[in-house]
Amino acid sequence: MRWTLTGGIPNYVKNGVNGYRLPLGCTGEDFGKKIKETIDNGELSKLSDGGRKLYKGRLNWERWGCEVKKIIDEVCANT
């Protein structure tokens with residue numbers, strides 16, 4: 001199944017963890033219904049917490065710097 005990339009890409013938007021990506025071809029109304037469903041069922045707080053955990057664990061500049069350093073060290077070791 002193909003997913004829309006609106007609002008984020010699959011590496012960053014995890015369905016049910018920090019948000020939702022809806023199938024390609026969904027309308028604005030479909031997105032609105034999903035937002036309303038998320039609010040009505042009380043899931044918004046869980047998604048917010050999930051987003052914060054992803055940020056702290058892997059989606060931040062410190063983590064990015066560590067990963068880039070590993071790549072640079074590996075390239076330098078192989079030259």
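Colleague: In which helix is confidence lowest, and in which is it highest?

Modeller: This is a predicted model, and pLDDT expresses the predictor's confidence in each residue. Here the lowest helix mean, 93, belongs to helix α2 (residues 44-57), while helix α3 (residues 61-77) has the highest, at 95. For the protein overall, the mean pLDDT is 88, with 90% of residues reaching 70 or more.

Colleague: How many helices and strands does the secondary structure contain?

Modeller: The protein has three helices and zero strands, and the pattern along the sequence reads α-α-α.

Colleague: How should I read burial, and is Thr38 buried or exposed?

Modeller: A residue under 20% relative accessible area is called buried, and one over 50% is called exposed. Thr38, in helix α1, has 6% relative accessibility and is therefore buried. A polar atom of the Thr38 side chain lies 2.8 Å from the backbone oxygen of Lys34. By contrast, Ile35 is found in helix α1 (residues 28-40) and counts as exposed because its relative accessibility is 53%. Of the 79 residues in the protein, 18% are buried.

Colleague: Which residues make the nonpolar surface patch?

Modeller: Ile35, Ile39 and Leu44 make this patch, which covers about 300 Å².

Colleague: What is the general idea behind a salt bridge, and how many are found in the whole structure?

Modeller: Side chains of opposite charge can pair when their charged atoms come close. The search of the whole structure finds seven salt bridges. One of them joins Glu29 to Lys33, with the closest N and O atoms 3.4 Å apart. Both residues lie in helix α1, four residues apart, or about one turn of the helix. Glu29 is exposed, at 55% relative accessibility.

Colleague: Which residues are linked in a network of salt bridges?

Modeller: The network links Arg63, Glu67 and Lys70. Within it, the closest N and O atoms of Arg63 and Glu67 are 3.3 Å apart. Arg63 and Glu67 are separated by about one helical turn because they stand four residues apart in helix α3. Arg63 is partly exposed at 36% relative accessibility, and Glu67 is partly exposed at 32%.

Colleague: How many disulfides does the search find?

Modeller: The search of the whole structure finds zero disulfides. Cys26 is partly exposed, at 26% relative accessibility, and Cys66 is partly exposed, at 42%.

How values were computed:
Residues are numbered from 1 along each chain as its sequence is written. This is a predicted model: local features need pLDDT of at least 70, side-chain atom pairs count only at pLDDT 80 or more; totals for chains, interfaces and linings use all residues. Side-chain values use heavy atoms; hydrogens and water are left out. A disulfide is a pair of cysteine sulfur atoms within 2.5 Å. Buried means under 20% relative accessible area, exposed over 50%, partly exposed in between (1.4 Å probe, protein chains only). pLDDT is the predictor's confidence in each residue, from 0 to 100. Helices (H or I, at least four residues) and strands (E, at least two) are DSSP runs, numbered from the N terminus. Patches are made of residues with over 30% relative accessible area and no salt bridge: like charges are joined within 9 Å, nonpolar side chains (Val, Leu, Ile, Met, Phe, Trp, Tyr) within 5 Å. Accessible areas come from the Shrake-Rupley method with a 1.4 Å probe; for residues, only the protein chains shown count as cover. A salt bridge is a side-chain nitrogen of Lys or Arg within 4 Å of a carboxyl oxygen of Asp or Glu. A polar contact is a pair of N or O atoms within 3.5 Å; within protein, one must be able to donate a hydrogen and the other to accept it, and residues adjacent in sequence count only if both atoms are side-chain atoms.
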